[in-house]
Amino acid sequence: IMPLVDRTRVAVNCMVDPPDLVMQGDGDAIRRLLVNLLTNAVKHTAEGTICITVREAVARGRRQIEITCRDKGEGIDPNVCAKLGEPFALNAGLGGGQHVTGSGLGLAICKGIVAAHAGTITVRSKRDCGTTFSVTLEADLDEARSSNEPINIAQEAA
């Protein structure tokens, strides 16, 4: 995504812990997940920092991958936040700030990728302060899963 970034106004930081992190799953889908999250962060951050963190964790005796994508952008309007993960939600009359482009399909794709990897996706956003997407994926899946669970939303007070 670096060709999309105005490096004079936006910094992108990436941390992977451990550096040789490996998981079982669909590599192309995980790349699509990361590209979608980062592209959204770039679109909504005119100035500031975008941080992506990928780390290994253990929960309930199972190895997991935790991905956090945090930006210091404009934040997500509560009306838009409530519709995240619905295909074409932005085409249904919802809007955001001046930097908003797209239909919302990218997050619907992310939701499916996360579900197929037995994971969760949550979003925390505060107007004019930024947005954080947190994803947890099972690291050692034997088979893909499916889910119709909504994206969990934590809309902070403006």
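**Setting values against definitions**

Tutor: Let us begin with one residue in this predicted model: glycine 85 is buried, with a relative accessible area of 7%.

Student: Why is glycine 85 called buried?

Tutor: The word buried is kept for residues under 20% relative accessible area, and glycine 85 has 7%, so the label applies. Glycine 85 belongs to the loop between helix 2 and helix 3, and its C-alpha lies 4.1 Å from that of alanine 108, although the two are 23 residues apart in sequence.

Student: How much of the chain counts as buried?

Tutor: Of the 158 residues in the chain, 34% count as buried.

Student: What pattern does the chain follow along its sequence?

Tutor: Reading along the sequence gives β-α-β-β-α-α-β-β-β, which comes to three helices and six strands. Among contacts between residues at least 6 apart in sequence, 68% join residues that are at least 24 apart.

Student: What makes arginine 60 exposed rather than buried?

Tutor: Exposed requires a relative accessible area over 50%, and arginine 60 has 72%, so it is exposed. Arginine 60 sits in the loop between strand 2 (48–59) and strand 3 (62–71), and its phi is near 50 degrees, a positive value in a residue other than glycine.

Student: Where is aspartate 128, and is it buried or exposed?

Tutor: Aspartate 128 is found in the loop between strand 4 (120–126) and strand 5 (130–138). Its relative accessible area is 64%, and because exposed means over 50%, aspartate 128 is exposed. Aspartate 128 also has a positive phi, of about 65 degrees, although it is not a glycine.

Student: Why is arginine 55 given the label partly exposed?

Tutor: The label covers what falls between under 20% and over 50%, and arginine 55 has a relative accessible area of 36%, so partly exposed is the word for it. Arginine 55 is in strand 2 and, leaving out residues up to four places away in sequence, touches Asp17, Leu21, Gln64, Ile65 and Glu66.

Student: What does the same test say about cysteine 110?

Tutor: The closest cysteine sulfur to that of cysteine 110 is in cysteine 69, 9.5 Å away, which is too far for a bond. Cysteine 110 is buried, with a relative accessible area of 0%. By this rule the count of disulfides comes to zero.

Student: Which residues have the most contacts inside the largest nonpolar core?

Tutor: They are Leu33, Leu37, Ile67, Leu84, Phe133, Val135 and Leu137, in a core of 29 residues. Helix 1 gives the most to this core, with seven residues. In soluble globular proteins, nonpolar side chains tend to be buried together. Valine 135, leaving aside neighbours within four places in sequence, is in contact with residues including Leu33, Leu37, Ile65 and Ile67.

Student: What kinds of residue make up the lining of the second largest pocket?

Tutor: The lining divides into nine nonpolar residues, one polar and one charged.

Conventions. Residues are numbered from 1 along each chain as its sequence is written. This is a predicted model: local features need pLDDT of at least 70, side-chain atom pairs count only at pLDDT 80 or more; totals for chains, interfaces and linings use all residues. Side-chain values use heavy atoms; hydrogens and water are left out. Helices (H or I, at least four residues) and strands (E, at least two) are DSSP runs, numbered from the N terminus. Buried means under 20% relative accessible area, exposed over 50%, partly exposed in between (1.4 Å probe, protein chains only). Ala, Val, Leu, Ile, Met, Phe, Trp, Tyr, Cys and Pro count as nonpolar, Asp, Glu, Lys and Arg as charged, and the others, Gly among them, as polar. A disulfide is a pair of cysteine sulfur atoms within 2.5 Å. A nonpolar core is a set of buried Ala, Val, Leu, Ile, Met, Phe, Trp, Tyr and Cys residues joined through side-chain atoms within 4.5 Å. Contact means heavy atoms within 4.5 Å.
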